[in-house]
Amino acid sequence: MRRRDSCRSREKTRGRPFFFPSGITKRVFSGKTVTGLFATFSIFFVFLIFIFVFTQSIPVFTNIGVTNFILNHKWLPTAHPPSFGIAPMILGSLLVTSLALAVSVPLALFGAIYISEIASSKVRDLLKTTVEVLSAIPSVVYGFFGLVVLVPFIQRFFGLPTGQTALTAGLVLAFMILPTMLSIIEDSLRAVPNEYREASFALGATKWETIKNAVIPAASSGIVGGVLLGLGRAIGETIAVMMLSGGAAVIPTSIFSPVRTMPATIAIEMGEVSFGSLHYSALFGIGLVLFAITFAVNFIANWIISRKVRRVAR
Amino acid sequence: MKVTTVVVASVALGIVLVTVFLVGIRTNEVGENGSNIQPRSINIAGSTTVLPITQLAAERWMNAHPYDTINVSGGGSGVGITSLIEGRCDIATSSRRAKNIENERAGGRLVEHKIALDALAVIVHPSNPVNSLTLEQIKKIYTGEIRNWSEVGGPNLTIAVYTRETTSGTYESFHELVMRGENMSSSVLTTMSSGEMRQIVSTNPNAIGYVGISYISGVKALAVNGVLPTKQNILNGTYPISRALYMYTIGEPSGLAKEFIEFVKGPEGQRIVEEKGFVSLT
């Protein structure tokens, strides 16, 4: 409170740049207006992108039909006649993403519990820094590493015709989304007030019971948030998945099938597709479906979190 | 730091940068006081296979001749020749010879300029004992009729079939010269570039793929119908997965069009041809 006041008073005395008269500066550049403007601006851009993707994808939906586009299993965009069915890509994306989450959620959750609740402060600092460095590695590096190391290994280990499978992509993706997830979950565990832990210990709970019954429920919205952020990144990740999943547009039959994801299809084909063609529009259609999926995920997440909060409040 | 100062400072910095940028462009445009030189401009349209060559050649030409503008666009060989006939471009690039009917529509005045050769090598892992396949066998591998190396005289291994993304020029060439109108099986695997294709095939004993012939180090290029993809076999036309690339003009070219075609056929242009993974004429 005090800091805010001092800031205000300083603004009054010398808070204006030399080339604007005081009145204009006050009105146009007041902090509220400026931040409001920037906030509107960023939302405006997201909205613009959505409108653009939507209008570009209209031809494919009117020519082919929404259900046919989503349920058809043949993707032959340059054949005569062409066929635009994205069911293999939707299933491919879902398979790779769920594999990634299946591996990374337990790792992130238990890693975060260790760092936040159990580790000494020295160990905690070391681990936290290392994890944050991991999140700074560009995804193409993960992809190349996977291609050179993991792909031949998976092929030999399981005796497959190719090491580029949904499993390979899912594994590398798991380690790509792990740092973000771990970091957010750890933050939300740390944010649980110490009184909760003390109260739990006072009732005779062990350390593990305290974590399980007091800390995790109190941090649940942060945990769900972290997992969903990871999910969002996983479903949109393009380059690494493209390099590791094999890119065959067929409906996957097992975790050892090569798959192609939705973002990979856009990235593979957008480069040289002829502008304004149905194929071009179909790629935007994939983008729109991706949009719809992430919106749905966010919506469900908010619903889960708000329900949780209400139950805790009761 | 106060928000207002930061905002005003960044806006001011932005204005300065934009001004510098615009002024920079202006001086570039005026520069070198060459008042006698007339700005010239040509349009080139056509084959997406030839596009990388034309694009790089046009860039190099425009760097050396700042008053010339060369607009390059794709669209396909047929589109290129049609727009040449309709006068919408000065040079059409094509990955096939012009058809008789096209020449008739141009009043028999189409002039052909061979600029490069395009050849694809079919590649496998160096340990694969298969040395040669027929065109028919390659096609059946890509349609999914042949699924195991033992069917073509190799070991008992499932074939991992690799193709390029359907919008690439390499795919287009392969599709035309090998598949001849048939669709590949949907279960073929896709790679994003010739480099990635080579990387994958060089580490996977099950794999088969195809690349431009400048990408065959570290992998084994197969003989097709018994002919190896050597430069000599490509130049004398015996290697089956190859074709010539052309530029077409209406009548003998003149001015910038003539100079540019000569540039592409000359030593520097042929170096670009090799750089982009094609086979030079010499």
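A residue counts as buried when its relative accessible area is under 20%, as exposed when this is over 50%, and as partly exposed in between. The legends below apply to a predicted model.

**View 1. Chain B as a whole, with its buried residues.** Of the 282 residues in chain B, 49% are buried. The chain is built with 10 helices and 11 strands. Its exposed surface comes to about 13100 Å², and carbon and sulfur atoms supply 53% of that area. When contacts between residues at least 6 apart in sequence are taken, 74% of those in chain B join residues at least 24 apart.

**View 2. The interface of chain A and chain B.** Chain A brings 36 residues to the contact and chain B brings 28 residues. Together the two chains bury about 2700 Å², with 61% of this on carbon and sulfur atoms. Polar contact joins 8 residue pairs across the interface, both residues of each pair being at pLDDT 80 or more. The number of salt bridges between chain A and chain B is 0.

**View 3. The side of chain A that touches chain B.** At least two residues each come from helix H3 (31-64), helix H7 (139-158), helix H12 (239-244) and helix H13 (262-270) of chain A. The most are given by H7(A), with 4 residues. By residue class, this side of chain A holds 23 nonpolar, 8 polar and 5 charged residues.

**View 4. The salt bridge of Arg60(B) and Glu275(B).** Side chains of opposite charge can pair when their charged atoms come close. Here the side chains of Arg60(B) and Glu275(B) form a salt bridge with an N to O distance of 3.2 Å. Arg60(B) belongs to helix H2 (residues 51-64) of chain B and Glu275(B) to helix H10 (residues 267-275) of chain B, so the bridge links distant parts of the chain, 215 residues apart. Arg60(B) has 31% relative accessibility and therefore counts as partly exposed.

**View 5. The salt bridge of Glu274(B) and Lys231(B).** The closest N and O atoms of Glu274(B) and Lys231(B) are 3.4 Å apart in this salt bridge. Because Glu274(B) lies in helix H10 of chain B and Lys231(B) in helix H8 (residues 231-235) of chain B, the pair ties together parts that are 43 residues apart in sequence. Glu274(B) is partly exposed, at 36% relative accessibility. Lys231(B) is also partly exposed, at 34%.

View 6. The relative accessibility of Glu262(B) is 47%, so Glu262(B) counts as partly exposed. Lys258(B), with a relative accessible area of 39%, is partly exposed as well.

**View 7. A network of salt bridges in chain A.** What residues make up the network of salt bridges? The linked residues are Lys128(A), Glu132(A), Glu186(A), Asp187(A) and Arg190(A). Over all chains, the structure holds 18 salt bridges.

Definitions and conventions. Residues are numbered from 1 along each chain as its sequence is written. Chains are lettered from A and ligands numbered from 1 in the order in which they are written. This is a predicted model: local features need pLDDT of at least 70, side-chain atom pairs count only at pLDDT 80 or more; totals for chains, interfaces and linings use all residues. Side-chain values use heavy atoms; hydrogens and water are left out. Contact means heavy atoms within 4.5 Å. Buried area is the accessible area (1.4 Å probe) that two parts lose on being put together, summed over both. A salt bridge is a side-chain nitrogen of Lys or Arg within 4 Å of a carboxyl oxygen of Asp or Glu. A polar contact is a pair of N or O atoms within 3.5 Å; within protein, one must be able to donate a hydrogen and the other to accept it, and residues adjacent in sequence count only if both atoms are side-chain atoms. Ala, Val, Leu, Ile, Met, Phe, Trp, Tyr, Cys and Pro count as nonpolar, Asp, Glu, Lys and Arg as charged, and the others, Gly among them, as polar. Buried means under 20% relative accessible area, exposed over 50%, partly exposed in between (1.4 Å probe, protein chains only). Accessible areas come from the Shrake-Rupley method with a 1.4 Å probe; for residues, only the protein chains shown count as cover.
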